[in-house]
Amino acid sequence: IQEIKPKKVTDFFVFDEFKSDAIGEDKKSLGIAFIYNSHEGTLADDEVNSSHDRLKRKLLEKLPVDIR
């Protein structure tokens, strides 16, 4: 994530981890928070949403993940 995150993501962290046979014996569900910040001014919703959509696409391309 560190290598592909947008510049406006100043921090990210795992806030939840869930393991269960219901999602697969070798799988886990992670909740990850992304902190967006700009020194140039207030970020608009559409700016953050667009940036986050690109981040999700890159994660799907680079990692064996499902995003829900």
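# Exercises on a predicted model

The chain has one helix and two strands. The model is predicted. Work through each task with the structure in view.

## Exercise 1: Order of elements

**Task.** In what order do the elements of the chain run from the N terminus on?

**Solution.** 
1. Start with the inventory: one helix and two strands.
2. The order reads β-β-α.
3. β2 covers 28-36, and α1 covers 45-62.

## Exercise 2: Overall shape

**Solution.** 
1. Take the reference value. A compact globule of 68 residues would come out near 11 Å.
2. Take the chain itself. Its radius of gyration is 14 Å.
3. Along the principal axes, the C-alpha trace spans about 45 × 25 × 20 Å.
4. The accessible surface of the chain is about 5700 Å², and carbon and sulfur atoms hold 47% of that.
5. Finish with burial. Of the 68 residues, 21% are buried.

## Exercise 3: Tyr36

**Task.** Is Tyr36 buried or exposed?

**Solution.** 
1. Locate the residue. Tyr36 sits in strand β2.
2. Recall the cut-off: buried means under 20% relative accessible area.
3. Apply the cut-off. Tyr36 has a relative accessible area of 17%, so Tyr36 is buried.
4. List its neighbours. Leaving out residues up to four places away in sequence, Tyr36 touches Lys8, Val9, Leu43, Val48, Ser51, His52 and Leu55.
5. Check one distance. From C-alpha to C-alpha, Tyr36 and Glu61 lie 22 Å apart in space, and they are 25 residues apart in sequence.

## Exercise 4: The largest pocket

**Task.** Which element supplies the largest share of the lining of the largest pocket?

**Solution.** 
1. Begin with the volume. The largest pocket holds about 820 Å³ of space.
2. Look at its lining. There are 19 lining residues, and the closest to the centre are Lys28, Leu30, Val65, Asp66 and Ile67.
3. Find the contributing elements. β2 and α1 each supply at least two lining residues.
4. Pick the main contributor. β2 gives the largest share, with six residues.
5. Sort the lining by class. It has 10 nonpolar, three polar and six charged residues.

## Exercise 5: Contacts along the chain

**Task.** What percentage of the contacts with a separation of 6 or more joins residues 24 or more positions apart?

**Solution.** 
1. Keep the contacts in the chain with a separation of 6 or more.

Definitions and conventions: Residues are numbered from 1 along each chain as its sequence is written. This is a predicted model: local features need pLDDT of at least 70, side-chain atom pairs count only at pLDDT 80 or more; totals for chains, interfaces and linings use all residues. Side-chain values use heavy atoms; hydrogens and water are left out. On a 1 Å grid over the protein atoms alone, a cavity is a set of points where a 1.4 Å probe fits but cannot get out, and a pocket is an open set with protein on both sides within 12 Å along at least five of seven lines; lining residues have an atom within 4 Å of a point. Grid points are joined across faces, edges and corners, and a volume is the space filled by probe spheres set on the points. Helices (H or I, at least four residues) and strands (E, at least two) are DSSP runs, numbered from the N terminus. Ala, Val, Leu, Ile, Met, Phe, Trp, Tyr, Cys and Pro count as nonpolar, Asp, Glu, Lys and Arg as charged, and the others, Gly among them, as polar. The radius of gyration is taken over C-alpha atoms; the globule rule is 2.2 Å times the number of residues to the power 0.38. Buried means under 20% relative accessible area, exposed over 50%, partly exposed in between (1.4 Å probe, protein chains only). Contact means heavy atoms within 4.5 Å. Accessible areas come from the Shrake-Rupley method with a 1.4 Å probe; for residues, only the protein chains shown count as cover.
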